[in-house]
Amino acid sequence: MTDYYADLGVSKNASADEIKKAYRKLAQKHHPDRGGNEADFKKINEAYDTLSDSAKKAQYDAPAHFGHNDMRGNTYTGPFPNSAEDLHDFVHTVFGAGFSQRRPPAINRNITLQYEIDLVDAYLGVDRELNINLPGGFARHVNVKIPPGVKAGSKIKFAGLGDNTYPSVPPGDLIIVIRINESSTWHRKNNDLITTVKIDVFDAILGCTLKVQHIDGKHISVKIPKSTQPNAKIRLKGQGLQSTNANIRGSLILLVEVSIPTKLSVEQRKLLESAKNLR
């Protein structure tokens, strides 16, 4: 019977942390990508796969508790099971552990990460370089492209950039789950971008052309029509976020906030009073 403890160079009383530490050290030494032997690498992975799993480890350790030989000739030193529960455990231990063949999986595992971006990143789309820690104790440097218009909770899959613990089978995928940080000045509704602009009462009455800074830092000219009311909405089509499913954009929605002057000169007051009397 293979001695998994000896394969990892640890005692049978080793803690989970000691087992993991020993595995990572050996994995780095024997990984084929670093010139190691593939057979040795498979052997330590098989040992770690068993000893790192509490259920598998208990099953692996169980044969030493009984006083009878299994069909491989292994000797058990404890009493024969004398209850239905003990018999179930005995049969599971002897036949389950005796005949199971631990083999590498058909494919390495996927790696799922959460990644935070700002709303401006979602508007523009970004390329980022990430360092990914793989289960075998290695780090991988990857370049990921996050498309413009991506939504919170979106999952972006990068094929073949996941776990590669078992080099004899295909690598897993890297899956990035997007989180978008909230902005104090910009809000998103579907693919529309919403922000607030302030104008004074005179511009609201007479109309004006307002220079507005977009989320990407660029300035656009916006025409404020005459007699614009407080809390009015000005919609600029095609100035919002890109749709990830079609070649269209949402709108930029400006919420108009009208400010009332608190300090007026005597002449300004007279002019306002004259205008009031003309109503």
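Is Asp-127 buried, exposed or partly exposed? Asp-127 is partly exposed, at a relative accessible area of 48%. Please keep in mind that what you see is a predicted model.

Asp-127 has a charged partner, Lys-145, and the closest N and O atoms of this salt bridge are 3.6 Å apart. Where do the two residues sit? Lys-145 is in strand S3, residues 139-146, while Asp-127 is in strand S2, residues 126-133, so their contact ties together parts that lie 18 residues apart in sequence. Lys-145 counts as exposed, with 56% relative accessibility. The cut-off for that word is over 50%, and the 48% of Asp-127 therefore leaves it in the partly exposed class.

How many salt bridges does a search of the whole structure find? The count is nine. As background, side chains of opposite charge can pair when their charged atoms come close. I will take two others from the list.

One of them joins Asp-121 and Arg-128, with 3.4 Å from N to O. Asp-121 is buried, with a relative accessible area of 12%. Arg-128 is partly exposed, and its value is 25%.

Why are Glu-38 and Lys-42 separated by about one helical turn? Because they are four residues apart in helix H3, which covers residues 38-51. Both ends of this pair are partly exposed: Glu-38 has a relative accessible area of 34%, and Lys-42 has 33%.

Now the sheet. Four strands make up an open sheet, in the order S6-S7-S11-S10, with mixed pairing. Which strands stand at the edges? They are S6, residues 187-189, and S10, residues 233-242. Each has a single partner strand, so one side of each is left without a neighbour in the sheet. On average, and ignoring direction, neighbouring strands in this sheet are turned by 35° against each other.

S6 pairs with S7, residues 192-200, in the antiparallel sense, over three bridges. Within that pairing, Lys-189 stands opposite Asp-192 of S7. The hairpin of S6 and S7 has two residues between the strands, and Asn-190 adopts a positive phi near 55° in this hairpin.

On to the next pairing, S7 with S11. In which sense do these two run? S7 and S11, the latter being residues 249-259, run parallel, and eight bridges join them. For a position to look up, Thr-195 has Leu-254 in S11 as its bridge partner.

Last, the surface. Phe-202, Ile-205, Leu-206 and Leu-272 form a nonpolar patch there, and together they have about 360 Å² of accessible area. Which element gives the most to this patch? Helix H7, residues 201-206, does, with three residues. Ile-205 has its place in H7, and Ile-205 counts as partly exposed, at 48% relative accessibility.

To close, go back to the opening pair: Lys-145 in S3 and Asp-127 in S2, with 3.6 Å between their closest N and O atoms. That is where I will stop.

How values were computed
Residues are numbered from 1 along each chain as its sequence is written. This is a predicted model: local features need pLDDT of at least 70, side-chain atom pairs count only at pLDDT 80 or more; totals for chains, interfaces and linings use all residues. Side-chain values use heavy atoms; hydrogens and water are left out. A salt bridge is a side-chain nitrogen of Lys or Arg within 4 Å of a carboxyl oxygen of Asp or Glu. Buried means under 20% relative accessible area, exposed over 50%, partly exposed in between (1.4 Å probe, protein chains only). Two strands pair if DSSP finds at least two bridges between them. Axes are lines fitted to C-alpha atoms, for helices over the stretch in contact, and angles run from 0 to 180 degrees between N-to-C directions. Patches are made of residues with over 30% relative accessible area and no salt bridge: like charges are joined within 9 Å, nonpolar side chains (Val, Leu, Ile, Met, Phe, Trp, Tyr) within 5 Å. Accessible areas come from the Shrake-Rupley method with a 1.4 Å probe; for residues, only the protein chains shown count as cover.
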